[in-house]
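Colleague: I have not looked at this one before. Can you walk me through it?

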Amino acid sequence: MTGEAGVPTVELFDSPNEGLIFSVASAAASSQPPAQSQTQPTPEPNQPISETQPTQPSSQTDEPIELVVTGEQDGYRVEDSSTATKTDTPLRDIPQSIQVIPRQLIEDQRITRISDALRNVSGIQEPASTTRNVFDVPIIRGFTPNSDAILRNGLRERTSSRIPSETANLERIEVLKGPASVLYGQGSLGGTVNLVTKQPLSSPYYSVEASVGSFDFYRSSLDFSGPLTSDKTLLYRLNAAAETSGSFVDFLDRQRYFVSPVLTWQIDRNTKI
């Protein structure tokens with residue numbers, strides 16, 4: 001981008017309400033021809049002196065044109081994460097390597113297994129095929145996470161390194177890579193996987209889905225949420241899914257049933273159970 005009268009002014013700044021803004025403002029074009037010199041002719045004797053007034057130069061001033069371009073990405077943008085610092089800190093201010101898979105991405109890719117969602121994260125390999133039917137065992141940066149490397153809402157699962165392969169009740173998946181996982185104590189050098197579950201909503205919400213695929217794949221799921229009292233101090237959320245499918249391997253069938261109820265009691269502004 002070039003200007004006719006001058007180089008435009010380019011600014012890149014951050015707005016708390018609009019995000020990152022790239023602004024290009026053209027320079028004000030002002031042109032004015034140089035003033036003409038005044039020459040007084042030498043009068044001849046016995047002739048009156050005549051003065052010629054020079055023509056005033058015309059000045060033309062263009063109004064400055066300001067072009068502001070605001071870029072915004074809907075759906076996949078995650079501004080903060082609590083996994084890397086245990087606080088509500090913007091991701092751009094966290095020096096650790098952390099990647100978040102939001103719910104919108106899970107829905108757009110029609111993901112039903114956590115292992116398929118983790119494909120969007122760099123440095124993670126596919127789980128072992130022997131456990132893929134029920135559990136997922138991700139390999140993060142060459143290390144298989146142990147029981148201390150799997151978190152659910154910031155708390156350790158304390159079951160095993162296998163993650164239950166279900167995404168019906170997940171709001172997002174946060175992956176903290178590298179030895180920074182020592183933030184949670186003993187864990188894996190490869191990183192930590194934090195599963196953030198859905199929370200009850202104060203407004204009524206109802207969703208029912210059904211899917212059909214190859215190898216006799218049939219799946220249905222529901223997501224209900226809303227208040228149970230008029231003052232909205234008691235909230236609920238119910239996520240359930242049922243799936244049956246075959247496989248390209250003969251005599252290998254699978255049935256999965258998943259139910260996850262959540263109840264929230266807002267005692268006061270600072271206390272919630």
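**Chain overview**

Modeller: Of the 273 residues in the chain, 32% are buried, where buried means under 20% relative accessible area, exposed means over 50% and partly exposed lies in between, with a 1.4 Å probe and protein chains only. This is a predicted model, in which local features need pLDDT of at least 70, side-chain atom pairs count only at pLDDT 80 or more, and totals for chains, interfaces and linings use all residues. Residues are numbered from 1 along each chain as its sequence is written, and side-chain values use heavy atoms, with hydrogens and water left out.

Colleague: How many helices and strands are in the chain?

Modeller: The chain has two helices and 21 strands. Both kinds are DSSP runs numbered from the N terminus: helices are H or I with at least four residues, strands are E with at least two.

Colleague: And what does the accessible surface of the chain come to?

Modeller: About 17900 Å², and carbon and sulfur atoms hold 52% of that. The areas come from the Shrake-Rupley method with a 1.4 Å probe; for residues, only the protein chains shown count as cover.

Colleague: Switching to sheets. What is the order of the open sheet of five strands?

Modeller: The order is E8-E15-E16-E12-E13, and the pairing is mixed. Two strands pair if DSSP finds at least two bridges between them.

Colleague: Which are the edge strands there?

Modeller: Strand E8 (98-102) and strand E13 (155-156), each of which pairs on one side only.

Colleague: How many bridges join E8 to E15?

Modeller: Five, and the two strands run antiparallel, with E15 covering residues 170-177. Ile101 stands opposite Ile173 in E15, and Pro102 faces Arg172 in E15.

Colleague: What about E15 and E16, how many bridges there?

Modeller: Seven, again antiparallel, with E16 at residues 191-197. Arg172 has Val196 as its bridge partner in E16.

Colleague: How many residues of E15 are buried?

Modeller: Six of its eight, so E15 is mostly covered.

Colleague: New topic, the backbone. Where is Arg110, and what is its phi?

Modeller: Arg110 is in the loop between helix H1 (103-108) and helix H2 (114-117). Its phi is near 55 degrees, a positive value in a residue other than glycine. Most residues other than glycine have a negative phi. Arg110 counts as partly exposed because its relative accessibility is 48%.

Colleague: And where is Lys232?

Modeller: In the loop between strand E18 (217-227) and strand E19 (234-245). Lys232 has a positive phi, near 60 degrees. With a relative accessible area of 44%, Lys232 is partly exposed.
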